[in-house]
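Please read the following walk through the strands, loops and surface of this protein with the model open beside it.

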Amino acid sequence: MQDLPPAAAPVMINAFDPTSATGLSPRERALVERRRRLLGPAYRLFYEHPVHPVRGEGAWLFDAAGNRYLDCYNNVASMGHAHPRIVAAIAAQAAQLNTHTRYLHETVLDYAEALLATLPAALGHVMFTCTGSEANDLALRIARSHTGGEGIVVTALAYHGVTASLADLSPSLGAGVPLGRHVATVAAPDAYRGSADMPRRFAEDVRQAFEDLRRHGIRPCALLVDTMFTSDGVFPDPAGFLAEAVTAARAAGALFIADEVQPGFGRTGQMWGFARHGVEPDIVTMGKPMGNGHPLAGLAIRPELLERFGSTSRYFNTFGGNPVSAAAGLAVLQVLHDEGLAENARSVGAYLQDGLRALAARHLLIGDVRGAGLSIGCELVRDRVTQTPATAETTYVVNALRERRVLISASGPDANILKIRPPLCLSRAQVDLFVETCDQVLASVPGHD
């Protein structure tokens, strides 16, 4: 049985360095080298042994050799890989017309109406982009115009995008990407290591963060959070805890921006992650599953917040809201509804959590299982009393699962939380396979029974 690697660097536990490749076939090595030569050093690959998928179907991926993988990681093709109805909608519209929003076109309006119907009535306008990064960037531009402020509060390991303005407030990108002086961070709402007063403490942290920004001459602008705190380690509970923090932000004169790029579109068992907390955002940003793999993103907003921005600024995005994207988005909403995928996420997600908790009775490495719907975190610890993060063990588990053709990732400041977020069409039979494979891998972790 192999030894565990030394403790891995936080966040990047799945990153693969092609210069240290071992055990690759000649074809894989050639592909890695070609990628390195053409794409440069900034890109990363997942897993010690990279995956080469060439086809997807539902919750399955298939590699170049025809091997089948259970995909419990990709939250973009949330309706299922290559969903035939969505593929057909994209192809049909692409065969007819694709242009931009400076021309009249019914499809983008049909989609806007359908999307807004899923949101609180106060959110009366929608604007379209291509990526979640663009959506968050646009949301901040509007928030700054409305509040006259710059100060943003985010959580300690948040990820909100890769543009310059979003990297400034995405601490999960690492120490090499410094935060802006207008950004304050608060500890993630960790109920596992926290206490019963976590909601109050989280709200107090938000209040103090805005006060500190103001003391430094920075006027509050927005509280921006992923409502499942996915990059921080997946923190959904207790339901409703976010409301106190939102109240604190608004009392400071800031807006509440719900980043639904990861939690949205049924993943939590509800259409929107913020609904779990009984709050109504001022702005909702969205992306990733919005087009089921087609590049589609956007935001919904209270109309009054757009008044100043819209009167002084024109907004245009060449590809945002184009007819093909709108057709993809409409098909996603129809599939989500017709196939009951949010309900499936809720029931199958609960079944998956039950399976992981059953494993915890046999494997002391599992310290906590938490989640909502099919957004699940499974925290691995070396000791349940001290809750010492099992970082190296998590690296082993993620890569050993990959070798058994099950794909997941990890998150959290110590990279010790298994991040499980499969397509929403995941079945109970696939959960059984996942749990059985996890059982085998956990039993094989060096130094652990």
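Strand S11 (residues 283-286) and strand S12 (residues 297-301) run antiparallel and are joined by four bridges. Within this pair, Ile283 stands opposite Ile301 of S12. Helices (H or I, at least four residues) and strands (E, at least two) are DSSP runs, numbered from the N terminus, and two strands pair if DSSP finds at least two bridges between them. The model is predicted, so local features need pLDDT of at least 70 and side-chain atom pairs count only at pLDDT 80 or more, while totals for chains, interfaces and linings use all residues. Residues are numbered from 1 along each chain as its sequence is written, and side-chain values use heavy atoms, with hydrogens and water left out.

S11 and S12 belong to an open sheet of seven strands with mixed pairing, in the order S6-S12-S11-S10-S9-S7-S8. Strand S6 (125-129) and strand S8 (183-186) are at the edges with a single partner strand each, so one side of each has no neighbour in the sheet. On average, neighbouring strands of this sheet are turned by 20° against each other, direction ignored. Helix H7 (residues 242-251) packs on the sheet and touches strand S9 (220-226) and strand S10 (255-259), with its direction at about 165° to that of S9. Contact here means heavy atoms within 4.5 Å; axes are lines fitted to C-alpha atoms, for helices over the stretch in contact, and angles run from 0 to 180 degrees between N-to-C directions.

The loop between S9 and H7 holds Phe229 and Pro238. Phe229 is not a glycine, yet its phi is positive, near 50°. At 1% relative accessibility, Phe229 counts as buried (under 20% relative accessible area; exposed is over 50%, partly exposed in between, with a 1.4 Å probe and protein chains only). Pro238 is joined to Asp237 by a cis peptide bond, with omega about -5°.

Elsewhere, strand S18 (residues 417-420) pairs antiparallel with strand S14 (residues 375-383) over four bridges, and Ile420 is the bridge partner of Ile376. Three bridges join S18 to strand S17 (residues 409-411), also antiparallel, and Lys419 is the bridge partner of Ser409. S17 and S18 form a hairpin with five residues between them, and Gly412 in the turn has a positive phi of about 95°. In a regular strand the side chains alternate between the two faces of the sheet. In S18, Ile417 and Lys419 point one way and Leu418 and Ile420 the other, and all are buried.
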